[in-house]
Amino acid sequence: MQSDLDQRLQESLDRYWRANLRIMAALLFLWAFVGLGCGILFADWLNQFNLPMTGFPLGFWFAQQGSIVTFVICILIYCLAMNRLDARHHRERVEIERGEA
């Protein structure tokens, strides 16, 4: 009986960790795309556009500020996503423990 509970809890923890890794991978990909892609690789093409109300070329802005702004937004998204994931995991864990009690 205890072994079944332990196995179900471990499976729940594994699902939690996989979901956490998916969130981190997606956000790191987004940050890398903005920082490396828009700031360096596509900067020449983006420079044909100007940032509204500043006059700065868009590629220059991504190279100087875009990566930092994106990083801060990624932190916010990660916090919100993890709060949601933590709540879901907690509900699942309580259900598993109640079912076995």
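Arg 93 and Glu 97 both lie in helix α3, four residues apart, about one turn of the helix; helices here are DSSP runs of H or I with at least four residues, numbered from the N terminus. The model is predicted, and local features need pLDDT of at least 70, side-chain atom pairs count only at pLDDT 80 or more, and totals for chains, interfaces and linings use all residues. Residues are numbered from 1 along each chain as its sequence is written, and side-chain values use heavy atoms, with hydrogens and water left out.

**Salt bridges**

- Two salt bridges are found in a search of the whole structure, a salt bridge being a side-chain nitrogen of Lys or Arg within 4 Å of a carboxyl oxygen of Asp or Glu.
- Arg 15 and Glu 92 form one of them, with an N to O distance of 2.0 Å.
- Arg 15 belongs to helix α1 and Glu 92 to helix α3, so this pair ties together parts that are 77 residues apart in sequence.
- Arg 15 is partly exposed at a relative accessible area of 37%, and Glu 92 is likewise partly exposed at 22%; the class covers values between buried (under 20%) and exposed (over 50%), computed with a 1.4 Å probe and protein chains only.
- Arg 93 forms a salt bridge with Glu 97, and their closest N and O atoms are 3.2 Å apart.
- Both partners count as partly exposed, Arg 93 at 39% relative accessibility and Glu 97 at 34%.

**His 89**

- His 89 is found in helix α3, which spans residues 58-100, and is buried, with a relative accessible area of 12%.
- The His 89 side chain makes a polar contact of 3.3 Å with the side chain of Ser 12; such a contact is a pair of N or O atoms within 3.5 Å, where within protein one must be able to donate a hydrogen and the other to accept it, and residues adjacent in sequence count only if both atoms are side-chain atoms.
- Leaving aside residues up to four places away in sequence, His 89 touches Ser 12, Leu 13 and Tyr 16, contact meaning heavy atoms within 4.5 Å.

**Aromatic pairs**

- The structure holds five aromatic pairs, defined by rings of Phe, Tyr and Trp (its six-membered ring) whose centres lie within 6.5 Å; planes under 30 degrees apart count as stacked, over 60 as edge-to-face and the rest as tilted.
- One of these, Phe 33 with Phe 42, is tilted, at 6.0 Å centre to centre and 50° between the planes.
- Phe 33 is partly exposed at 41% relative accessibility, as is Phe 42 at 39%.
- Trp 61 and Phe 62 form an edge-to-face pair, at 5.3 Å centre to centre with 75° between the planes.
- Trp 61 counts as partly exposed at 23% relative accessibility, whereas Phe 62 counts as buried at 16%.

**Surroundings of Trp 61**

- Trp 61 is placed in helix α3, and its C-alpha atom is separated by 7.8 Å from that of Gly 39, 22 residues away along the chain.
- Not counting residues up to four places away in sequence, Trp 61 touches Leu 51, Gly 66 and Val 69.

**Nonpolar surface patch**

- Leu 28, Trp 31, Ile 68, Phe 71, Val 72 and Ile 75 make a nonpolar surface patch of about 550 Å².
- Patches are made of residues with over 30% relative accessible area and no salt bridge, with like charges joined within 9 Å and nonpolar side chains (Val, Leu, Ile, Met, Phe, Trp, Tyr) within 5 Å.
- Helices α1 (2-41) and α3 each supply at least two residues of the patch, and α3 gives the most, with four.
- Ile 68 lies in helix α3 and is exposed, with a relative accessible area of 52%.

Methods. Accessible areas come from the Shrake-Rupley method with a 1.4 Å probe; for residues, only the protein chains shown count as cover.
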